[in-house]
Structures are given as structure tokens and as C-alpha cells.
Amino acid sequence: MSTEEQLSTTIDASVPTAARMYDHYLGGKDNYAADRAACAELDKVVPSTRALALNNRRFLQRVVKTLAAEHGIRQFLDHGSGLPTQDNVHQVAQRVDPTAHVVYVDNDPMVLVHGRALLEQDERTTVIHADLRDTRAIFEHAETRRLIDFSQPVAVLFNSVFHCIPDSGTDGPLAVIRRVTERLVPGSMMVMCQLVSDDPEVRRFVTDFMDQATQGHWGRVREEKDVAEWFEGMDILEPGLVEVSTWRPDNEVAPRQLTQEWIEFGGVGRLR
């Protein structure tokens, strides 16, 4: 896989990226006309995507708060973190404990620029430029080693990102998960969710559309059984693997996913 130095640092405004499209859906301003146009086309077939993105962000915030407050996790390694928005992982974790450490990982150069500008005054948080499949480069990066003590439990986040990489024997989601978990101590947490659909036509359309729109920077929309396979051998925190708006909602009137053409599906696993 590519190292940080080999990844492109050029921002191409004409080619949509998943990070910038997600930013648009969240109401951010760090996106371009190509990203917004791609979102508009996607919405014609899967109109719940904006709500899905918002619910996924809320899921991430609830997970981080739960792991910090109830399980004592003080180290977070966030793969495919995307562009900074409100209530990022480090902000949620540091409200529980100001000493919490967070390493964000993304291969989008725009994330690197904005993230480092935002975090330059926070010595407990950093952003590194790497491909999420390059486990060795991420875990051995100087900034990761400065902030993360792998002899202690770590929460590793793959939040709504595995659909961005294709299946591969050496670099598909399952292979990445195995490489990561081999480096973690028992008690560490794996947070994983991705876009799934029971409808083969939705899976086909979105997979083909996003692969073409992002010029090959896409994997596929999967099924719930694919996600369940990733958690084999882990103890899954309650309420199990679910549509993410139903994972420990803050209250009974919290937003729920209202349409089901596709959903974010996943949960949290504890390593034994």
C-alpha cells in the first residue's frame, strides 16, 4: 500500500470524493460543485442519504461518548475520519477526559489540510495522511506512536468507510480488520459500520455510480451478513449489530432512519 509520502497531495475539485460528499450532506462548506452534483444524482435513487449521513454522525458521537465514559477508553484511532465538523471524536472524548488522545487517518489531502489547521493547538490530537488499508504505515507512524500506547486498550474506528474499499484477499475489509486486531490488546474496541442494502438493484446502482463518480475510489454497498462476518470472535456490545440510529439512542424521540432503501449497519466489538 501507499505510504504517506506516496499519496497524492493534490486536491482535484472536478472529481467527487466520499469525504467531501459526506461533508455536503452534513451541511459543511468544504466541498465543491462536483461533490454537490454527485450527491444530487445519488439522491434521485436513494433519497434518504442526507438523513443517513446525519444519523451516522450521531452514532459516532454516541459510540465515542459511551466508550470513554463507560469503558474507560482514552485512545481513539479513527480510520477514514473525513473532514472536521462539529463534535468530532476528540471533542466528544475530551469532554469525558481532557487527556484523551485521538489520531485521525484519511487519504484525502483536503482532510489533511483542514484537520491539521484545526488541531495545531491540540497536542493530544493529530491527523495523518494514509490509506486506511496500510496498517503498518498507520500504526508505525511517528504521530501514532507519540499518541497511542498499544499496550493499553484502544478504540479503532472504521465508521462508514469500508464501503469505500473493494473486496480483496489482502486489502479488503476483513483482511484489514485482521491486521489491525493482531496489533491490539484484549479490551480494545472495534467500531465498524457501512452502507448495506437488501435490494440488489440499490447495491448495484450505488456501487456503480460511486465507482464511476469517484474514478475508482469506491468498494461496494454490502449486505448485513458481510458486516456480521467482520465481528466474528469479538464480544459485541449491546444492542448488537443494528441500523445505527437505533444504537443506544439518546432518547425516545431521537432521529431514526425513516426509509430503508439502504442503511448504515454495524456496531461495536470488544476484543477478547
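How are H2 and H9 oriented to each other? I looked this up first.

**Basis.** I am working from a predicted model, in which local features need pLDDT of at least 70, side-chain atom pairs count only at pLDDT 80 or more, and totals for chains, interfaces and linings use all residues. Residues are numbered from 1 along each chain as its sequence is written, and side-chain values use heavy atoms, with hydrogens and water left out.

**H2 and H9.** Helices (H or I, at least four residues) and strands (E, at least two) are DSSP runs, numbered from the N terminus. I found that helix H2 (residues 33-45) and helix H9 (residues 200-213) have axes that come within 11 Å and cross at roughly 170°. Axes are lines fitted to C-alpha atoms, for helices over the stretch in contact, and angles run from 0 to 180 degrees between N-to-C directions. H2 and H9 are therefore roughly antiparallel to each other. For that wording, angles under 35 degrees count as roughly parallel, over 145 as roughly antiparallel, 65 to 115 as roughly perpendicular and the rest as oblique. In contact (heavy atoms within 4.5 Å), Ala-38, Glu-41, Leu-42 and Val-45 of H2 meet Phe-205, Val-206, Phe-209 and Met-210 of H9. By class, I noted 7 nonpolar, no polar and 1 charged residues there. Ala, Val, Leu, Ile, Met, Phe, Trp, Tyr, Cys and Pro count as nonpolar, Asp, Glu, Lys and Arg as charged, and the others, Gly among them, as polar.

**H1 and H2.** I then took helix H1 (residues 18-25), which packs on H2 at an angle of about 75°, the axes being 9 Å apart. H1 and H2 are therefore roughly perpendicular to each other. Arg-20, Met-21, His-24 and Tyr-25 in H1 meet Asp-35, Arg-36, Ala-38, Cys-39, Leu-42 and Asp-43 in H2. This contact of H1 with H2 divides into 5 nonpolar, 1 polar and 4 charged residues.

**Backbone.** Most residues other than glycine have a negative phi, and most peptide bonds are trans. I looked for exceptions. Ser-160, a residue other than glycine, has a positive phi near 55°; Ser-160 sits in the loop between strand E4 (155-159) and helix H8 (173-181). The peptide bond from Glu-238 to Pro-239 is cis, with omega near 10°, and Pro-239 is in the loop between E6 and strand E7 (242-243).

**Confidence.** pLDDT is the predictor's confidence in each residue, from 0 to 100. I read a mean of 88 for the protein, with 93% of residues at 70 or more. Confidence is lowest in helix H5 (residues 109-119), at a mean of 76, and highest in strand E6 (residues 235-236), at 98. Over residues 1-5 pLDDT stays under 50, and the model has 11 contacts for them beyond four places in sequence.
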